[in-house]
Amino acid sequence: MTVHQPPSLSEIRAYREQVRDRLVRTPVHEWRGTEIRRRAPDLRISMKFELLQMTGTFKARGALAWMRSLPKEQIRKGVTAVSAGNHAIAVSWAAHVMGAPAHVVIISPANPARLEQARAWGAKVELSDNAEAAFQRVSNIEREQGKVLVHPFEGHSIAIGTGALAMEWLEQASDMDALVVPVGGGGLVAGIAAAVKRIRPEIRVFGAEPVRADSMFQSLARNKPAQARRRDSIADSLSAPNAREYSFALAQRYMDGLGQVSDDEIRAAMRLILRELKMMVEPACATATAAALGPLRERLRNKHVGVLLCGSNIDLATFSRLLK
């Protein structure tokens with residue numbers, strides 16, 4: 001069996017130094033609102049505002065790490081990506097930073113704000129009717145144009161980017177007991193958990209996954225990367241069709257548990273974040289909050305909990321529609 005090794009801490013530190021003028025050191029804020037105190041009086045919650053990162057999500061970290069690993073000849077030819085939107089935006093931005101052409105495929109229906117952002121960074125943007133057709137189109141772009149696929153969550157470079165997020169977070173809130181991190185394909189929680197457990201092994205790292213986008217749950221149940229049983233959650237940014245070998249291996253090895261949340265729990269967390277933190281977030285961004293206050297609640301009792309607001313690219317009309 002292949003043993004998948006995470007990036008070394010020295011690799012992560014080197015990457016942070018190389019891109020410190022490109023990425024945002026996103027703030028950490030202790031949540032002290034009256035409603036959260038009433039609902040969780042025994043929790044101390046610190047929010048990591050990764051939604052303030054370049055391109056509006058954590059995806060910028062991994063996309064830039066991946067781009068920096070490419071040879072100069074490939075940079076000249078360019079890159080491609082397939083996504084529900086956020087990864088496509090991040091790849092478009094990273095390509096702009098590196099001076100590479102980008103041709104991205106976004107799965108329809110797509111949030112208009114995400115399409116606009118990808119185009120604003122100079123990428124050629126296509127819409128595709130479904131995930132299967134989108135991946136086929138990207139394969140054609142690779143073959144016909146010589147562009148290389150930047151994967152949304154799988155691989156060593158992605159883990160360097162998300163590991164850098166973890167290292168930054170621990171510097172900002174050194175006394176945390178646990179972290180709660182949204183799970184889609186698994187690259188985010190894999191990189192964070194792998195870094196955290198080698199820096200502060202006593203900190204527990206939990207994933208937060210929609211019940212209706214359950215590739216990690218199915219993979220853990222089968223002890224191998226597996227397909228999602230369903231992919232119809234409102235948290236479209238977390239709706240990966242399946243887990244992949246590298247990210248699943250790291251998540252399985254380093255993650256302490258997984259909390260699954262319903263779409264209604266996600267909506268409730270979106271409303272709570274709007275009321276107390278005054279932020280309009282997309283469903284994926286609210287998933288960790290929903291899990292911390294729901295299925296993970298007992299495991300976090302009397303703990304200082306870090307909750308990741310992983311990113312948010314949503315327009316007012318979509319936000320209003322989802323909550324109605």
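Student: Let's start with helix 3: which residues there are buried?

Tutor: Bear in mind that this is a predicted model. In helix 3, the buried residues are Lys 59, Ala 60, Arg 61, Gly 62, Ala 63, Leu 64, Ala 65, Trp 66 and Met 67.

Student: And how does helix 3 sit relative to the rest of the structure?

Tutor: Nine of its 10 residues are buried, so helix 3 is largely enclosed by the rest of the structure.

Student: What is Met 67 in contact with, leaving aside neighbours within four places in sequence?

Tutor: Met 67 is in contact with Ile 75, Val 79, Ala 94, Ala 95, Met 98, Ala 100 and Val 150.

Student: OK, now the largest nonpolar core. Which members touch the most others?

Tutor: Met 67 turns up again, along with Leu 179, Val 180, Ile 192, Leu 300 and Leu 309, in a core of 109 residues. Helix 8, residues 156–172, gives the most to this core, with nine residues. There's also a second, separate core of seven residues, including Val 105, Ala 134, Val 138 and Ile 141.

Student: Switching to holes: how many cavities of 30 Å³ or more are there?

Tutor: A search of the whole structure turns up one. The largest cavity holds about 30 Å³ of space.

Student: What lines the largest cavity?

Tutor: Its lining is Phe 58, Lys 59, Gly 62, Ala 63, His 87, Pro 152 and Ile 158. By class, that's four nonpolar, two polar and one charged.

Student: Which helix gives the largest share of that lining?

Tutor: Back to helix 3, residues 59–68, with three residues.

Terms used
Residues numbered from 1 in each chain as written. Predicted model: local features only at pLDDT ≥ 70, side-chain atom pairs only at ≥ 80, totals over all residues. Heavy atoms only, no water. Core = buried A, V, L, I, M, F, W, Y, C linked by side-chain atoms within 4.5 Å. Buried < 20%, exposed > 50% of the residue type's maximum accessible area, 1.4 Å probe, protein only. Helix = DSSP H or I, 4+ residues; strand = E, 2+ residues; numbered from the N terminus. Contact = heavy atoms within 4.5 Å. 1 Å grid on protein atoms, 1.4 Å probe; cavity = no way out; pocket = protein on both sides within 12 Å on 5 of 7 lines; lining within 4 Å. Points joined across faces, edges and corners; volume = space filled by probe spheres on them. Nonpolar A, V, L, I, M, F, W, Y, C, P; charged D, E, K, R; others polar.
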